[in-house]
Amino acid sequence: MSTMVHEGQETRPRGAILWIALRAGVLFTVLCGIIYPLVSTGLAQTLFPDQANGSLLKDKEGNVIGSELIGQSFSGDPSYFHGRVSSIDYKGEASGSNNYAPSNSALISRVQASIAQWQQDNPDVPIQELPIALITNSGSGLDPHITPQSALVQIARISKLTGISAVELESLVSEFTESRDLGVFGEKRVNVLKLNLVLKEKLEK
Amino acid sequence: MDILQIVIVIGVLVLIAKPLGNVLYHVFSNEPNRTDHVFGWLERPIYALIGLKQRGGMSWKRYALSFVVTNLMLVAIGYILLRMQSGLPLNPNDIGSMEPTLAFNTIISFMTNTNLQHYSGETGLTYFAQMAVITMMMFTSAASGFSVAAAFVRGVTSKGKTIGNFFEDFVKAHTRVFLPLATIVALVLVALQVPQTLDPTLSLTTLQGATQQIAIGPVASLESIKHLGTNGGGFFGVNSAHPFENPNPLTNVIQILSMWALPASLPFMYGRFANNRKQGWVIFATMMALFLVFLTVAYTAEKSGNPLLNDVGIDASQGSMEGKEVRFGIAQSALFTTVTTAATTGSVNNMHDTLTPLGGLVPLAEMMLNVVFGGKGVGLINMLMYAILAVFICGLMVGRTPEFLGRKIEPHEMKLIAIAILAHPFIILVPTAAAFVTELGMGSLSNSGFHGITQALYEYASSAANNGSGFEGLADNTPFWNITTGLVMFVGRYISIIAMLAVAGSLTRKQWVPETIGTFRTDNALFVFLLIGTVILIGALTFLPVIVLGPIAEHLTIR
């Protein structure tokens, strides 16, 4: 039976539309708004519990110290690798940035301040080597990654402060450099929290 | 590597668009086929529960009425739930109910497939509202748009038949397209680290001993339909830039393809309906040609970076990284931006407000044209509208009555099309001007000068195109912006859809004109050029002045 029929077949009064629409509204609210997300949650929690609960990172003692997907602020301690600029200081209950336009003078002054801070903390590394990604605000304010170059330029400072040799730090950075997804998508990157977690363990030895 | 990864994504899209278009044809052609057995067990009880006893064809007026009334019911349900959310279950983070103008804006925004968000998900919505209002509307608004597109295509292509039955289309769009796809994509995203839980916000002690709170929730189930339905509203404030919504480049690629595949497949569905697959290729080629131009501009502009930062003496070779995520870099960010505003999704994986002036021009222009792939159904409708216009203009030039797919295009249809085409710039430019003459509008701009103009313009272009991305620096959660953008989204969605359904209804009643040697062909390369020309001509005539005042002027000042 084909349902493609000639016009005029549907003869019921227009009031019927109201009734069908109301019932469809309630039904699809339940189906798409309650059943679908709950079934998805059940499947996700059964099949992929770690991922479904936020990819949490634990230290050696088994304490949860963060999520590998959410950056943390290390800017207070120059002996750690620093992440990117975050106007919300990596406060994960929210997300966002200042949304400075490229022509906004506040953007330029913030960058100038970052450069001045860099020169103070890293007297051995000229600003020509300072990658732009390290002193720009990420979109989310929670970016867990820095570029490999952004990690390498911090080694001189960290080596001086911690006494760990530059060579050892370099091999640490290269060990924690993640490749592009499937070898082609996205960018090479270093997870700052994972890197600092190992750095901290080295320091405590 | 940048170019290669972009080319791969586009290549995959081209490979899946055509077969997907065939699938959609089988869903909406209403001819009996194998998939009826697979989905019938789910559809029969749904038809019974909503009281749909006969599924006969509808007149265009009845179809439009069913569409509007169903949307109205969903708006009512959603509005009530938002206003009462604090007292409903699944509110582990003790979030309050929404105030009236914000609830009005939110509900219009999601029903019209816009997903402009004047709230922030972490602090503004309970888990129940994220599911039963936001996720639900992502399904129903996409299914509504899809149904209308199917009806319009039937009207343009079928000989003397009806445009279909709205409720049947609406149910099938859910059961055969969106629910199965969304479930699969949601699980893939979870496997790739997108969270899906009902637990409250995480609280933990960081490596340095500080306390960090991390918002979490049923993210993946929203994320999948957000893109499949070209909705675009994020679970979190920063949308797909948030590492929980979009944790790695692979999820980024999946999200890009999810939002792009269905709009790109619709031209092929149309080709099947028209019984002339070349018609589908013509529409697809036009969309892809415009898309590639926009993508090139966006990528080049972002890769070249912000001149003001390139001059401070640092290593700025990576490009403009302000507002972008390291895992995506320039290539995946520029591609996402171009696709999300082409497919009128409006999700973002980088902050559009921070784009370089020419990079920001791309999403703005795509929303102004509103035909480069376009959102669920509406993009195809708009492109066919331009196709009819192109035929009409050519007909006038050679002094012949214009025909489209074997039917005469006459003043009645052209009037309706003119209404639909003119409504779009009207509801962008007039409110933008209004925002500049009132303190209510001006007070919300966070960037001064030319960029401020772009901020307001972008907000209304995004509303009118039912896109939903924003220049998020704009402090837009005020009654002025909530109400004006709410109205613009409403008009932007329903005026053009109803006008185009009327065109479809009028075309089905027309005499069939046999094709002759003198018939102007709409299925060849020449027509692709004419169509691109028409789109650009109308777009440029309408929007060039204001684009010069905004992004172009900003570009010239910082160059």
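Domain bounds are those of an automatic or database domain assignment. For chain A, this assignment gives domain 1 (15-50) and domain 2 (56-204). The centres of domain 1 and domain 2 of chain A, taken over C-alpha atoms, are separated by 41 Å. The model is predicted: local features need pLDDT of at least 70, side-chain atom pairs count only at pLDDT 80 or more, and totals for chains, interfaces and linings use all residues. Residues are numbered from 1 along each chain as its sequence is written, chains are lettered from A in the order in which they are written, and side-chain values use heavy atoms, without hydrogens and water.

Turning to the interface, 109 residues of chain A are in contact with 124 residues of chain B (heavy atoms within 4.5 Å). Together the two chains bury about 9600 Å², with 65% of it on carbon and sulfur atoms; buried area is the accessible area (1.4 Å probe) lost on putting two parts together, summed over both. The rule finds 2 salt bridges across the interface, each a side-chain nitrogen of Lys or Arg within 4 Å of a carboxyl oxygen of Asp or Glu. A salt bridge joins the side chains of A:Arg110 and B:Glu322 (2.7 Å, N to O).

Finally, helices (DSSP runs of H or I, at least four residues) are numbered from the N terminus. Helix H14 (378-398), helix H15 (411-437) and helix H18 (479-508) of chain B each supply at least two residues of the lining of the largest cavity, and H18(B) gives the largest share, 6 residues.
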